[in-house]
Amino acid sequence: MMRAFLPTPDDTDRIAAVFASTRPPRAIVHLRGDLGAGKSTFARALLRALGVRGAIRSPTYTLVERYPLDDGGDALHLDLYRIGDPGELEFLGLDASEGTLWLVEWPERGGRALPQPDIDVLLALEGDGRSLDAVAGSPVGDEWLARLAGHPHLHAFVPPR
């Protein structure tokens with residue numbers, strides 16, 4: 001597990017860039033947190049750091065937005081806040097082998113219809129900033145967290161133990 005504190009929205013952008021620079025070739029990220037905790041901010045910053053240009057739309061109404069990445073892969077950004085039942089995901093026609101990066105907001109609403117996460121990111125309001133907890137959910141996630149821990153820019157966000 002990795003814990004970080006993000007005092008400002010710019011810090012959310014910076015830590016998302018660290019996630020982007022250490023990303024494995026294929027990954028599934030579940031983004032959890034209350035409304036306003038920074039899930040969409042983190043997703044947008046991660047996509048921007050991976051080379052997405054132009055508008056990065058919130059998938060709140062479309063449920064899924066696709067973005068081409070600089071490395072030739074595709075990112076799928078899902079927001080499941082509006083679905084009432086995990087069975088509704090079938091109508092999206094998604095396949096776990098699609099895309100090289102999945103960013104899933106409100107994954108608890110998708111239940112077992114979603115692929116398991118490589119990393120679960122929990123964002124929460126904390127004082128004037130946000131906390132971020134990242135937990136590996138697979139061997140790919142374990143390796144990703146190890147690369148994050150060794151990144152030289154991460155120390156600015158990680159509180160001392």
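I take contact to mean heavy atoms within 4.5 Å. The model I am reading is a predicted one.

**Entry: H151**

I looked up where H151 sits, and found it in the segment after helix 3, which covers 139–149. Is H151 buried or exposed? Its relative accessible area is 17%, and the cut-off for buried is under 20%, so I noted H151 as buried.

Next I listed what H151 touches, leaving aside neighbours within four places in sequence. H151 is in contact with V18, S21 and T22. A polar atom of the H151 side chain lies 3.0 Å from the backbone nitrogen of H153.

H151 and D95 are 56 residues apart in sequence, and their C-alpha atoms are separated by 32 Å.

**Entry: helix 1 and helix 2**

I turned to helix 1, residues 9–22, and helix 2, residues 39–49. How far apart are their axes, and at what angle do the two helices pack? The axes are 8 Å apart and the angle is about 50°. The two helices are therefore oblique to each other. I recorded the crossing of helix 1 past helix 2 as right-handed.

Which residues make the contact? From helix 1 I wrote down T12, D13, I15, A16, A17, F19 and A20. From helix 2 the list is T41, F42, A45, L46 and A49. Sorted by class, this contact has nine nonpolar residues, two polar and one charged.

How values were computed: Residues are numbered from 1 along each chain as its sequence is written. This is a predicted model: local features need pLDDT of at least 70, side-chain atom pairs count only at pLDDT 80 or more; totals for chains, interfaces and linings use all residues. Side-chain values use heavy atoms; hydrogens and water are left out. Axes are lines fitted to C-alpha atoms, for helices over the stretch in contact, and angles run from 0 to 180 degrees between N-to-C directions. Helices (H or I, at least four residues) and strands (E, at least two) are DSSP runs, numbered from the N terminus. Angles under 35 degrees count as roughly parallel, over 145 as roughly antiparallel, 65 to 115 as roughly perpendicular and the rest as oblique. A crossing is left-handed if the near helix is turned anticlockwise from the far one by less than a right angle, and right-handed if clockwise. Ala, Val, Leu, Ile, Met, Phe, Trp, Tyr, Cys and Pro count as nonpolar, Asp, Glu, Lys and Arg as charged, and the others, Gly among them, as polar. Buried means under 20% relative accessible area, exposed over 50%, partly exposed in between (1.4 Å probe, protein chains only). A polar contact is a pair of N or O atoms within 3.5 Å; within protein, one must be able to donate a hydrogen and the other to accept it, and residues adjacent in sequence count only if both atoms are side-chain atoms.
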